[in-house]
Amino acid sequence: MKKIAIIGISGYSGLELLRLLHSHPDAEIVNVYGTSNIGAKLTDLFPKLLNFPKYATLTIKTFSSDEIMTTADLVFFATPAGIAAELAADFIAADFPVVDLSGDFRLQNPAQYEKWYKKSAVHKNLLSKADYVLADFDRPTQAYVSNPGCYATATLLSLAPLYQANLIQLDSVIIDAKSGLSGAGKNLTDSSHYVNANENVSLYKLNQHQHIPEIFNKLISWNTNAKPIQFSTSLIPVNRGIFVSTYAKLAEGITFSDVVAAYHQTYDDKYFVRVLNDGLLPDLHSVVGTNFTDIGLGYNELTHTLTVVTVIDNLVKGAAGQAIQNMNHFFGFDEKAGLDLVPIL
Ligand SMILES: NC(=O)C1=CN([C@@H]2O[C@H](COP(=O)(O)OP(=O)(O)OC[C@H]3O[C@@H](n4cnc5c(N)ncnc54)[C@H](OP(=O)(O)O)[C@@H]3O)[C@@H](O)[C@H]2O)C=CC1
Ligand SMILES: CC(=O)N[C@@H](CCC(=O)OP(=O)(O)O)C(=O)O
């Protein structure tokens, strides 16, 4: 049984890690950390956890890398951008396993991080100790796993076969991504206030979203001819879910059947990615509460445009679920451990 510490337990992703690890056969949470409510019992802060004996003794602690490394086998950072950058050095020095849900180690170029996150970057010597691991394609080779961003995960899974098999005109890609409110974390802002978000849709960070560089870096690793992407993000009034519509023109000589075949070839052996049968398009309810990514395809003969619709649960596949999938790969566990979830019907 591996012992797990979570930094940022009271946030949306921290609590989602707890929910998923609850039914993990080979992992148990031993310590949880935050900055507020230090010393408070988890069950007092979150009475929904009452009557689960394993949470009765957990209290929120102040971060201590020494304590984590002596009591746990792996730590999750479920903290806002900038925190892992400050706190991770001890773990890296000791080669202690980390899965970091934040963006702090996703970009290997410090200048790129500073441009898109508008925060100080980690030194490149530390950045090089982290692997960016898109769990359905890659495996960790180092102890520090940088978990992809939620929009980046959905977008990359949406585009992978097109770039890997060179099926589209690479300057024609348009990505329109929409997220539920839990993607913004637990802290209230003007845009996430109920009155503003409910019964409303708003596009934000147009051409400035911090996931653009991590998406592009991965695309260019798949296809060296990748061109800058047109990427937009909107807030929609649901709690969970990311809905990505991607549009592209097919490359010369490529047919829609070639595209469908490529998606099946890429994903049919990947349990957590489901390519829907002809004509079917996924919706958020297909995946909410699960680690699945569902993909549907359509083609317009008149405009020669391919549409790819991809959905994930931002808190599961986009954060805690993929983080556990990465942990499972790291420890050599069954990939599905803790993640065998049926959608919330
Ligand atoms: N929400 C989502 O769908 C996704 C989130 N992510 C990323 O995951 C990370 C967490 O996101 P999310 O759960 O939404 O964030 P939240 O804002 O909901 O929670 C963040 C948590 O971090 C804790 N925290 C902040 N500073 C520290 C610190 N110095 N030491 C210990 N704990 C600290 C906070 O606890 P306290 O209040 O006690 O300080 C809080 O519980 C972010 O980097 C986010 O970008 C990635 C993909 C999807
Ligand atoms: C709805 C919403 O606000 N979503 C957040 C996702 C943040 C996130 O996941 O940030 P990192 O992965 O970069 O750490 C956003 O668009 O910034």
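1. F272 is buried, at a relative accessible area of 1%. Buried means under 20% relative accessible area, exposed over 50%, and partly exposed in between, with a 1.4 Å probe and protein chains only. This is a predicted model, in which local features need pLDDT of at least 70, side-chain atom pairs count only at pLDDT 80 or more, and totals for chains, interfaces and linings use all residues. Residues are numbered from 1 along each chain as its sequence is written, and side-chain values use heavy atoms, without hydrogens and water.

2. F272 pairs with Y271 edge-to-face, at 4.9 Å centre to centre and 75 degrees between the planes. Aromatic pairs here are Phe, Tyr or Trp rings (the six-membered one for Trp) with centres within 6.5 Å; planes under 30 degrees apart count as stacked, over 60 as edge-to-face, the rest as tilted. Y271 is partly exposed, with a relative accessible area of 36%.

3. Y271 has another ring partner, F292. That pair is tilted: 5.4 Å centre to centre, 50 degrees between the planes. Y271 lies in the loop between helix 11 (256-267) and strand 12 (273-275), and F292 in the loop between strand 12 and strand 13 (293-300), so the pair ties together parts 21 residues apart in sequence. Helices (H or I, at least four residues) and strands (E, at least two) are DSSP runs, numbered from the N terminus. F292 is buried, at 7% relative accessibility.

4. F292 also has a charge over its face: R274, at 3.8 Å from the ring centre. K270 lies over the face of F137, at 4.9 Å from the ring centre. The test is NZ of Lys or CZ of Arg within 6 Å of the ring centre and within 35 degrees of the ring normal.

5. The structure holds 16 aromatic pairs. F63, F77, F91 and F96 form one aromatic cluster.

6. The domain assignment, automatic or from a database, gives domain 1 (2-148 + 317-331) and domain 2 (151-314). Their C-alpha centres lie 25 Å apart. The contact (heavy atoms within 4.5 Å) takes 22 residues from domain 1 and 34 residues from domain 2.

7. Domain 1 and domain 2 bury about 2200 Å² between them, 57% of it on carbon and sulfur atoms. Buried area is the accessible area (1.4 Å probe) that two parts lose on being put together, summed over both. W116, F137 and K317 supply 32% of what domain 1 buries against domain 2, more than any other three residues.

8. The largest nonpolar core has 45 residues, and L162, Y163, L219 and Y263 make the most contacts inside it. Such a core is a set of buried Ala, Val, Leu, Ile, Met, Phe, Trp, Tyr and Cys residues joined through side-chain atoms within 4.5 Å. Helix 8 (residues 150-164) gives the largest share of this core, 10 residues.

9. Y163 touches I168, L170, V173, L219, W222, N223, A226 and I229, leaving out residues up to four places away in sequence. A second, separate core has 41 residues, including L15, F46, V99 and A320.

10. Check the backbone at two asparagines. Most residues other than glycine have a negative phi. N37 has a positive phi of about 55 degrees; N37 sits in the loop between strand 2 (27-33) and helix 2 (42-45) and is partly exposed at 44%. N166 also has a positive phi of about 55 degrees. N166 sits in the loop between helix 8 and strand 8 (174-179) and is partly exposed at 42%.

Notes:
Chains are lettered from A and ligands numbered from 1 in the order in which they are written.
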